[in-house]
Amino acid sequence: MSTFKKHILITGGAGFIGSHVVRLFVNKYPDYKILNLDKLTYAGNLMNLKDVERKPNYEFLRGDIVNSDFIQNLFKERKFDSVIHLAAESHVDRSISNPMEFIMTNVVGTVNLLNASRDTWKGAELTADRNIFYHVSTDEVYGSLGKSGYFTEKSPYDPHSPYSASKAGSDHMVRAYFDTYGLPIVISNCSNNYGSHHFPEKLIPLAIHNIKNNRPVPVYGKGENVRDWLYVEDHARAIDILFHKAEAGSTYNIGGQNEWRNIDLIRLLCSIMDRKLNRKEGTSTQLISFVKDRAGHDMRYAIDSSKLQNDFGWKPSLQFEEGLAKTVDWYLANEEWLQKVTSGEYLSYYSQQYEHR
Ligand code: NAD
Ligand code: TYD
């Protein structure tokens with residue numbers, strides 16, 4: 001008989017945001033048992049969780065959410081009372097070159113988890129006070145904004161990239177399981193995250209890495225596209241609040257109220273890097289290189305998160321300049337992490353340790 005108050009399955013916990021969510025839950029809730037299920041794709045990296053891997057309330061399991069038999073058996077064996085689902089293929093550029101991978105993990109994988117949760121919780125006598133299937137999604141499902149306006153929870157879905165279309169598909173399936181089977185779900189749609197442990201294919205960590213190594217920093221098109229940036233730990237904090245407090249069936253937008261044109265963000269980053277690396281101001285901006293635009297590149301994302309702020313008093317904790325400087329400090333202090341990730345060394349290391357299911 002387990003002595004833990006809750007038994008939570010977190011999927012994708014070896015990734016960027018997932019590792020922050022796992023760390024927060026493992027440290028904050030010693031009476032919750034956390035199972036981190038992750039396939040360890042190129043984006044999954046257990047180095048991200050070195051500081052919690054020996055905690056008694058934490059366990060890692062390597063596995064693929066697309067494997068329905070494996071997922072059904074896992075739920076039968078463990079009888080999780082809640083799920084926080086982050087596992088996904090997450091990079092828009094990769095979705096343009098390989099959409100099928102995105103359909104498999106983001107849509108089929110999500111439906112496998114929904115089926116297993118529904119089958120496990122249906123009519124079961126549960127010791128936990130509440131079951132929840134928490135689905136972590138993106139603001140990109142709403143499409144692209146013009147110069148003004150914000151995405152609200154009522155904005156129509158209008159995804160453009162294979163990534164955002166696959167996330168939109170998963171959101172619809174999650175909501176359908178609430179409407180059809182009464183599965184207690186919560187969905188949050190968040191803006192662009194930044195912070196430590198971010199895989200250096202996304203704009204901010206890629207730019208930090210390239211500036212540090214005096215390599216060109218690719219800016220798509222004219223750099224005029226706008227993103228709303230949120231510090232990853234603020235996202236994890238919002239997930240913690242919503243996981244515990246949001247009503248079943250609800251949706252929340254999470255955003256930083258922090259819009260930046262890509263080119264302005266990169267210029268700011270260049271100036272922070274010049275300062276940190278003791279380079280003459282203006283040195284790093286010379287690395288900016290305008291390259292061919294991304295196909296179907298959404299122009300502007302901006303989030304209205306007033307529902308989350310009004311219902312639960314959440315707000316971003318950091319000013320962007322401060323968060324960005326902290327992020328740069330982390331990358332400069334974690335040379336080994338960056339070196340192992342960019343060389344691919346981390347992949348073979350963990351692949352050998354964990355059998356793939
Ligand atoms: P990430 O790419 O860093 O991590 C994804 C993780 O999922 C990796 O550890 C990977 O190994 C794992 N994974 C992939 N396929 C899997 C499979 N088939 N089975 C099991 N595990 C698998 O992604 P992230 O940036 O941390 O994003 C996490 C979630 O948050 C995603 O659902 C994403 O759509 C959403 N999101 C991301 C952002 C952002 O700015 N990064 C913003 C809003 C929402
Ligand atoms: P990204 O970090 O890939 O996140 P998303 O596409 O999910 O918003 O990209 C953020 C913005 O930066 C987006 O407008 C595309 C742009 N971008 C570049 O200009 N250069 C790059 O090398 C990358 C990866 C992105």
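Predicted model: local features only at pLDDT ≥ 70, side-chain atom pairs only at ≥ 80, totals over all residues.

**Entry 1**

Residues are numbered from 1 along each chain as its sequence is written, chains are lettered from A and ligands numbered from 1 in the order in which they are written, and side-chain values use heavy atoms, with hydrogens and water left out.

**Entry 2: aromatic pairs**

How many aromatic pairs does a search of the whole structure find? I got 17. Rings of Phe, Tyr and Trp (its six-membered ring) pair if their centres lie within 6.5 Å; planes under 30 degrees apart count as stacked, over 60 as edge-to-face and the rest as tilted.

I looked at Phe-102 and Tyr-163: their ring centres are 6.4 Å apart and the planes stand at 80 degrees, so I logged the pair as edge-to-face. Phe-102 belongs to helix H4 (residues 99–121) and Tyr-163 to helix H5, so this pair links distant parts of the chain, 61 residues apart. Helices (H or I, at least four residues) and strands (E, at least two) are DSSP runs, numbered from the N terminus. Phe-102 is buried at 2% relative accessibility, and Tyr-163 is buried at 9%.

Then I returned to Tyr-194 and Phe-320, whose ring centres are 5.0 Å apart with planes at 85 degrees, so this pair is edge-to-face. Tyr-194 sits in strand S7 and Phe-320 in helix H10 (residues 320–333), so the pair ties together parts 126 residues apart in sequence.

I also noted a cluster in which ring pairs link Phe-25, Tyr-29, Tyr-32 and Phe-243.

**Entry 3: ligand 1**

Which residues come nearest to ligand 1? Of the 29 around it, I listed Ile-17, Asp-38, Ser-90, Tyr-163 and Lys-167 (around means a heavy atom within 4 Å). Next I checked polar contacts, which are pairs of N or O atoms within 3.5 Å; within protein, one must be able to donate a hydrogen and the other to accept it, and residues adjacent in sequence count only if both atoms are side-chain atoms. A backbone N or O atom of Lys-39 lies 3.0 Å from a nitrogen atom of ligand 1, and one of Leu-86 lies 3.0 Å from an oxygen atom of the ligand. Taken alone, ligand 1 exposes 840 Å², and the protein buries 96% of that (Shrake-Rupley method, 1.4 Å probe; for residues, only the protein chains shown count as cover).

**Entry 4: ligand 2**

I found 16 residues surrounding ligand 2, with Glu-140, Tyr-220, Arg-227, Arg-294 and His-297 the closest. Oxygen atoms of ligand 2 figure in each contact I wrote down here: a polar side-chain atom of Asn-192 at 2.9 Å, a backbone N or O atom of Leu-203 at 2.9 Å, and a side-chain N or O atom of His-297 at 2.7 Å. On its own ligand 2 has 510 Å² of accessible area, and the protein covers 96% of it. Strand S8 gives the largest share of the shell around ligand 2, three residues.

Conventions. Buried < 20%, exposed > 50% of the residue type's maximum accessible area, 1.4 Å probe, protein only.
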